[in-house]
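This briefing covers aromatic pairs and strand pairing. Please read it alongside the sequence and the 3D structure.

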Amino acid sequence: MFLIRTLIFMGCQMKSIPITRQGYKKLEDELAQLKSERPEIIQAIKEAREEGDLRENAGYDAARERQGMAEARIKYIESRLGLYQVIDLDQLSGDKVIFGATVEVEDVDNGETREFTILGPDEADPAKGSISFLSPVGQALLGKEEGDEITIDIPRGRVTYEIVKISFKGSGAL
């Protein structure tokens with residue numbers, strides 16, 4: 001549906017990346033937090049420098065590492081913000097699997113059921129039941145309907161899932 005129109009792949013690059021309002025806000029908050037920590041990190045580096053020999057100064061090394069990680073994350077988030085297309089999960093519905101859908105699947109071999117919410121790569125959290133639409137399972141599910149079967153290779157081997165239910169729980173699903 002709109003997800004197919006939204007994503008335009010050019011090789012491996014995307015022109016836009018869907019993200020929920022909540023996911024976008026979370027990244028904006030993280031960016032603001034990281035930027036607010038910059039003076040503290042700079043102060044820690046300055047204090048560690050004043051301790052003397054930098055070759056054996058664990059405090060200096062830790063502060064520089066913290067600075068490097070923070071700056072890398074800032075750069076990453078800033079590079080992505082312009083690519084995001086913010087999607088309101090409360091406005092989604094349909095009978096096919098698209099971004100924002102919550103999909104209940106059943107393993108046809110053992111009858112085990114699982115539930116996945118399809119989100120973007122920067123907000124998916126498999127531990128909380130959300131997967132990226134770019135993951136193998138996410139890609140296999142996109143565009144499918146209830147009753148369809150998908151077969152995919154996952155780390156534990158090949159699995160076939162039947163789509164039992166597709167729902168749209170809105171922002172309450174997160």
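Two strands pair if DSSP finds at least two bridges between them. Strands (E, at least two residues) and helices (H or I, at least four) are DSSP runs, numbered from the N terminus. This is a predicted model, in which local features need pLDDT of at least 70 and side-chain atom pairs count only at pLDDT 80 or more, while totals for chains, interfaces and linings use all residues. Residues are numbered from 1 along each chain as its sequence is written, and side-chain values use heavy atoms, with hydrogens and water left out.

**Strand pairing**
- β6 and β7 pair in the parallel sense over three bridges, and Thr-117 stands opposite Ser-130 in β7.
- β5 and strand β6 (residues 113-119) pair in the antiparallel sense over five bridges; Glu-106 has Thr-113 in β6 as its bridge partner.
- The hairpin formed by β5 and β6 has five residues between the strands, and Gly-111 in the turn has a positive phi of about 80°.

**Aromatic pairs**
- Rings of Phe, Tyr and Trp (its six-membered ring) pair if their centres lie within 6.5 Å; planes under 30 degrees apart count as stacked, over 60 as edge-to-face and the rest as tilted.
- Three aromatic pairs are found in a search of the whole structure.
- The ring centres of Tyr-24 and Tyr-84 are 6.0 Å apart and the planes are at 90°, so this pair is edge-to-face.
- Because Tyr-24 lies in helix α2 (residues 21-49) and Tyr-84 in strand β4 (residues 84-87), the pair ties together parts that are 60 residues apart in sequence.
- Phe-99 and Phe-133 also form an edge-to-face pair, 6.4 Å centre to centre with 75° between the planes.

**Burial**
- Tyr-84 has 11% relative accessibility and counts as buried (under 20% relative accessible area; exposed is over 50%, partly exposed in between; 1.4 Å probe, protein chains only).
- Phe-99 and Phe-133 are both buried.
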